[in-house]
Amino acid sequence: MSALLRIEGAALVRGGRLLFEGLDLSLAPGEAAHVTGPNGSGKSSLMRMVAGLLRPDAGRVERAAVALADTGLALDRELPLGRALRFWGGPRLAEALATFDLERLTEVPVRLLSTGQSQRARLARVMASNAPLWLLDEAHGGLDRDGVARLDAAIARHRDGGGAVLAASHVPLAGQWREVAL
Amino acid sequence: MRLVAREVRRALAGAAWLPVAFFLLVATIVPFAVGPDAQLLARIGGGALWIAALTAALLPIERLVEPDRADGTLDQLAIANVPEEIVGAAKIAGHWLTFGPLLLVAAVPGSVMVGLDGAALGRCLVALAIGTPALAALAVAVAALTAGLPRAGALAGLLLIPLAVPLLIFGAAASGADGGAALKLEAAVALLIVAGAPFVTGAAIRAARS
């Protein structure tokens, strides 16, 4: 099967500093990679590069459709969560709401959500999009034990269904991950 | 269309009345500043309304693009393959819908403040109807150019006002008597601004990412 993500010899310079160069990485369906590295090593920039928001200064990035969960909530603060998520649509929104236990929060305005609830909302948006490649930037941050279990289960199901995951995280991740150290 | 609806909803939930209230306030202080001479007021009234409209257009700039940049909405739209130019065009359309018509309505009491008669009010309304889409387009483009910068509000004012000068010249002239030729020139300037602004906005949004 063809790869969902193929990075060849990518280099990225941010603010005059070389974050990484000669980076090769490819993810086939069902595969997942865990990007590690100290603060400021370029994990988030790598995510944004793969998402197409930053252009690599060298090398190439080819990828399938992606969904990104990073620090940006990208939900209208005044809207109830259900409507705010519906703006982004996605064929699997109902399933995503159930997966992350957000169904009872759909009428709550986004601005009243806690850190962990906001994180669940970001992940629900990723899952709802039905994109084959998930980019999760510190996705476990702010989640309680139940939230972590739900995320791990969602990742496992996504991979079983032929999806791939690229995750940047400081915490060890459950399951089989390829390590990518920056 | 959903982007336009989103802009309209956000503006209405925010303070869409604020620029209009500001417009009326500026129109109100003109007679205080130049005195109650009805003839003088009627002569400068059209121009005064245009200055009021221009300053009112500055007010909402900080909420037009920056919140969407800061909370990642612009990034998610890019990931969803929505071209930045479409985002810009939707923002302009949504902003005008909550700014232009309200301003035209406010221009009616505003014209009373600056002593315009019925015919002059009619000319002024036509000129403003043509000019407000361009003001909205300039506001969105400048908002995108300054999004994420420190002191963006003041910088936006410095950027927008010079860019709006051609519009102001022809718009104010079209509001006066014998303004037919000026009205055509105003329409030409407005068309140019409205057509170009989505591309400026799109480029600015992309540039802000790197």
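Here is a short chat about the two chains of this predicted model.

User: Before we start, how are residues numbered and chains lettered, and what pLDDT do local features need?
Analyst: Residues count from 1 along each chain as its sequence is written, while chains are lettered from A and ligands numbered from 1 in the order in which they are written. The model is predicted, so totals for chains, interfaces and linings use all residues, side-chain atom pairs count only at pLDDT 80 or more, and local features need pLDDT of at least 70.

User: How many helices and strands does chain A have?
Analyst: Helices (H or I, at least four residues) and strands (E, at least two) are DSSP runs, numbered from the N terminus. Going from that end, chain A reads β-β-β-α-β-β-α-α-α-β-α-β-β. That comes to five helices and eight strands.

User: What is the radius of gyration of chain A?
Analyst: The radius is taken over C-alpha atoms, and the globule rule is 2.2 Å times the number of residues to the power 0.38. The C-alpha atoms of chain A fill a box of roughly 45 × 35 × 30 Å along the principal axes. A compact globule of 182 residues would come out near 16 Å, and chain A agrees with its 16 Å.

User: What share of chain A is buried?
Analyst: A residue is buried if 20 or more other C-beta atoms lie within 10 Å of its own, exposed if 12 or fewer, and partly exposed in between, with C-beta atoms placed from the backbone. For the 182 residues of chain A, the buried share is 43%.

User: And how many helices does chain B have?
Analyst: Chain B follows the pattern α-α-α-α-α-α-α-α-α-α along its sequence. There are zero strands, and the helices number ten.

User: Which share of the 210 residues of chain B counts as buried?
Analyst: The C-alpha atoms of chain B fill a box of roughly 60 × 30 × 30 Å along the principal axes. Of its 210 residues, the share that counts as buried is 47%.

User: Are H3(B) and H7(B) roughly parallel or roughly antiparallel?
Analyst: Two packed helices are described by the angle between their axes and the distance between the axes. Axes are lines fitted to C-alpha atoms, for helices over the stretch in contact, and angles run from 0 to 180 degrees between N-to-C directions. The axes of H3 (residues 38-58) and H7 (residues 118-146) of chain B come within 10 Å and cross at roughly 25 degrees. Angles under 35 degrees count as roughly parallel, over 145 as roughly antiparallel, 65 to 115 as roughly perpendicular and the rest as oblique, which makes H3(B) and H7(B) roughly parallel.

User: How is H3(B) placed against H6(B)?
Analyst: H6 of chain B covers residues 84-113, and its axis lies 11 Å from that of H3(B), at an angle of about 140 degrees. Therefore the two helices H3(B) and H6(B) are oblique.

User: Which residues in H6(B) meet H3(B)?
Analyst: Residues are in contact if their C-beta atoms, placed from the backbone, lie within 7 Å. On the H3(B) side are B:Gly45, B:Leu49, B:Ala52, B:Ala53 and B:Ala56, and they meet B:Leu103, B:Ala107, B:Gly110 and B:Ser111.

User: How many residues does chain B put into the contact with chain A?
Analyst: Chain A gives 14 residues to the contact. From chain B, the number is 13.

Conventions. Two residues are in contact if their C-beta atoms, placed from the backbone, lie within 7 Å.
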